[in-house]
Amino acid sequence: MKKMTEQHLINAFGGESQAHMRYLHFADQAEKEKFNNLGRLYRAIAHAEYIHAGDHYRELKHLDGGFVANSMAAFGPGDSRKNLRLAIAGETFEIEEMYPVYLEVAKFQGEKGAQKVLNGRTALKKCIRCFMKKH
């Protein structure tokens with residue numbers, strides 16, 4: 001695998017892994033504030049992020065060693081209102097910037113496996129963001 005596409009998948013794995021954990025913490029906070037439906041939404045999205053991370057991880061099976069993952073991760077959790085803002089901002093970054101660029105690089109480099117795991121991520125992320133905006 002070409003190094004740029006490889007690094008993008010490493011970064012995507014890191015970002016999706018962090019999102020998985022972040023959404024579980026956001027769910028706990030929402031439930032604490034009695035926003036049970038929002039808590040359930042976060043738990044469902046956390047599971048989707050777990051699946052996304054696993055897709056990237058499996059595509060990197062050729063690696064052997066430690067690598068740094070650079071990802072846009074929202075920090076500074078707070079109440080449910082702030083957490084929802086952070087979640088929407090993170091999904092928007094992935095939709096508008098991260099995944100479109102990663103996919104184009106994978107196409108340019110002829111990385112079919114990477115294209116497969118990256119293709120369709122933007123549409124799925126738009127669905128996730130839409131659910132979030134309804135809350």
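Good morning. I begin with Glu16, which counts as buried at 0% relative accessibility; buried means under 20% relative accessible area, exposed over 50%, and partly exposed in between, with a 1.4 Å probe and protein chains only. This is a predicted model, in which local features need pLDDT of at least 70 and side-chain atom pairs count only at pLDDT 80 or more, while totals for chains, interfaces and linings use all residues. Residues are numbered from 1 along each chain as its sequence is written, and side-chain values use heavy atoms, with hydrogens and water left out.

Which residue forms a salt bridge with Glu16? The partner is Lys125, and the closest N and O atoms are 3.1 Å apart. A salt bridge is a side-chain nitrogen of Lys or Arg within 4 Å of a carboxyl oxygen of Asp or Glu. Lys125 is likewise buried, at a relative accessible area of 0%. Lys125 belongs to helix H5 (residues 121–133) and Glu16 to helix H1, so distant parts of the chain, 109 residues apart, are linked. Helices here are DSSP runs (H or I, at least four residues), numbered from the N terminus. Both residues also belong to a network of salt bridges with Glu49, Glu91 and Glu94.

Arg43 meets Asp28 at 2.6 Å, N to O. Because Arg43 lies in helix H2 and Asp28 in helix H1, this pair ties together parts that are 15 residues apart in sequence. Arg43 is partly exposed at 32%, and Asp28 is partly exposed at 41%. Arg129 meets Glu96 at 3.8 Å, N to O. Here Arg129 counts as buried at 15%, whereas Glu96 counts as exposed at 54%.

I turn now to the aromatic rings. Rings of Phe, Tyr and Trp (its six-membered ring) pair if their centres lie within 6.5 Å; planes under 30 degrees apart count as stacked, over 60 as edge-to-face and the rest as tilted. How many aromatic pairs does this rule give? The count comes to five. Why is the pair of Phe13 and Tyr57 called tilted? The ring centres are 5.3 Å apart and the planes stand at 35°, so the pair is tilted.

Tyr23 and Phe26 form an edge-to-face pair, with 6.0 Å between centres and 65° between planes. Tyr23 is buried at 1%, and Phe26 is buried at 2%. Together with Tyr42, these two residues form one aromatic cluster.

Thank you for your attention.

How values were computed:
Helices (H or I, at least four residues) and strands (E, at least two) are DSSP runs, numbered from the N terminus.
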